[in-house]
Amino acid sequence: MSTETEPMLPTPYRVVLRTAQTSDTATLRLVPSGRALAPFRAGQFTMLYARGVGEVAISISGDPSTRDGSLEQTIRAVGAVSRALHAAEPGTVLGVRGPFGRGWDVESARGRDLVIVAGGVGLAPLRPVVLAVLADRASYGRVVLIAGARTPGDFLYRHEFGEWTGSIEVLRTVDRPAPDWTGEVGFVTEPLARLAVVPGHTVAFLCGPEPMMRFSAQALLRKGVPPAAIRVSLERNMQCGTGLCGHCQLGPLLLCRDGPVADYARAEPLLLVREL
Ligand SMILES: Cc1cc2nc3c(=O)[nH]c(=O)nc-3n(C[C@H](O)[C@H](O)[C@H](O)COP(=O)(O)OP(=O)(O)OC[C@H]3O[C@@H](n4cnc5c(N)ncnc54)[C@H](O)[C@@H]3O)c2cc1C
Ligand code: FES
């Protein structure tokens, strides 16, 4: 199957499965109608186009070892384009460009401990990391996922947590508990603060609201984890996805090309810059 696609030309992909994750979030499974995009790395994103509505950046949330050109993407309905994508039923044809950006560099965590911290829809670009680790569990040390959500019903992929827990440690916390919630209540930084880590042997991947990433990174720095071993995923408005238009500029970085994943050493001063 050819994987050569023009970066500015949307490639038609058909929705074959739509799985509701929460009240406002759904995962689409997409298969190429003709040519497929190139294989992706965990942490990369595509530009997803809903015909007649528009195009937005969405992380790839599926298994990075997939070689049949299919994609899984998890979309939270927040505005016109994401609402149209979120509502796409099986049979709908969407345009897809990509994959774009630097990923998490999961390889760098081989032989080391890995701490994954996700807030809300921030778990979407981290799911490929979890799947890559599960597929090759013996190559990693201790792996801990700390996931936060507004309520228990707001966790993405919650039907997969049971399977993940067999291989990695999964700690979940919510802002607002439901009556049957027996887990933790509070920010992800609370279980993170209690976590014992071996600083020189640990890599951390963080994705979620920027204050969450900042506070989580600070907690890890206090434990002695070096900034270069902490990676965050940064979101800014994307248009071309190919480093040409400048819309995604954040300080010296063009996030579609130099990000969205960046070392905390580079990202820390930029997290203070507000999006215009
Ligand atoms: C690299 C990258 C990866 C992304 N991955 C995903 C993903 O996997 N899944 C996903 O659902 N989204 C993801 N996003 C965010 C997504 O691109 C935006 O939600 C989308 O652009 C919104 O476009 P819209 O036209 O639907 O809404 P707009 O009309 O642009 O926005 C409507 C309202 O929602 C607010 N809003 C916009 N984005 C967000 C947001 N992320 N969270 C909360 N409120 C917001 C706006 O401020 C505005 O008030 C990603 C963004 C980037 C840059
Ligand atoms: S989105 Fe155009 S330069 Fe990054």
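Strands E7 and E8 run parallel to one another and are joined by six bridges, where strands (E, at least two residues) and helices (H or I, at least four residues) are DSSP runs numbered from the N terminus, and two strands are said to pair if DSSP finds at least two bridges between them. The structure is a predicted model, in which local features need pLDDT of at least 70 and side-chain atom pairs count only at pLDDT 80 or more, while totals for chains, interfaces and linings use all residues. Residues are numbered from 1 along each chain as its sequence is written, chains are lettered from A and ligands numbered from 1 in the order in which they are written, and side-chain values use heavy atoms, with hydrogens and water left out.

The pair E7 and E8 belongs to an open sheet of seven strands with mixed pairing, in the order E10-E9-E8-E7-E11-E12-E15. Strand E10 (184-185) and strand E15 (261-263) form the edges, and each has a single partner strand, so one side of each lacks a neighbour in the sheet. Within the sheet, E7 is also joined to E11, again in the parallel sense, by six bridges, and E11 in turn pairs with E12 in the parallel sense over three bridges. Individual residues mark these pairings: Ala118 has Ala147 as its bridge partner in E8 and stands opposite Cys207 in E11, whereas Val115 has Ala204 of E11 as its bridge partner.

Seven of the seven residues of E7 are buried, buried meaning under 20% relative accessible area, exposed over 50% and partly exposed in between, with a 1.4 Å probe and protein chains only. Asp113, Val115, Val117 and Gly119 point one way from E7, Leu114, Ile116 and Ala118 point the other way, and all are buried. Strand E11 shows six of its six residues buried, with Thr202, Ala204 and Leu206 on one side and Val203, Phe205 and Cys207 on the other.

Phe205, which lies in strand E11, counts as buried because its relative accessibility is 0%. In strand E12, Arg231 stands opposite Phe205, and Arg231 is also among the residues in contact with Phe205 (heavy atoms within 4.5 Å). The C-alpha atoms of Phe205 and Trp104 are 7.2 Å apart, although the two residues are separated by 101 residues along the chain.

Helix H5 (residues 210-222) has 13 residues and spans 18 Å from its first C-alpha to its last, close to the 18 Å expected at 1.5 Å a residue, the expected span being 1.5 Å times one less than the number of residues. Its buried residues are Glu210, Met212, Met213, Arg214, Ser216, Ala217, Ala219 and Leu220. These buried residues pack against strand E7 (113-119), helix H4 (189-194), strand E11 (202-207), strand E12 (230-233) and helix H7 (264-267). Just after H5, Gly224 adopts a positive phi of about 100°.

Grid points are joined across faces, edges and corners, and a volume is the space filled by probe spheres set on the points. The largest pocket holds about 1400 Å³ and is lined by 49 residues, of which Arg76, Val121, Gly122, Gly208 and Glu235 lie nearest its centre. Two or more lining residues come from each of strand E4 (54-59), strand E5 (71-76), helix H1 (80-86), strand E8 (143-149) and H5. By class, this lining has 24 nonpolar, 15 polar and 10 charged residues, where Ala, Val, Leu, Ile, Met, Phe, Trp, Tyr, Cys and Pro count as nonpolar, Asp, Glu, Lys and Arg as charged, and the others, Gly among them, as polar.

One cavity of 30 Å³ or more is found in the whole structure. The largest cavity has a volume of about 30 Å³, and its lining includes Ala118, Gly119, Ala147, Gly148 and Ala149. Both E7 and E8 give two or more residues to this lining, and E8 supplies the largest share, three residues.

Note on methods. 1 Å grid on protein atoms, 1.4 Å probe; cavity = no way out; pocket = protein on both sides within 12 Å on 5 of 7 lines; lining within 4 Å. Lists of a residue's contacts leave out its neighbours within four places in sequence.
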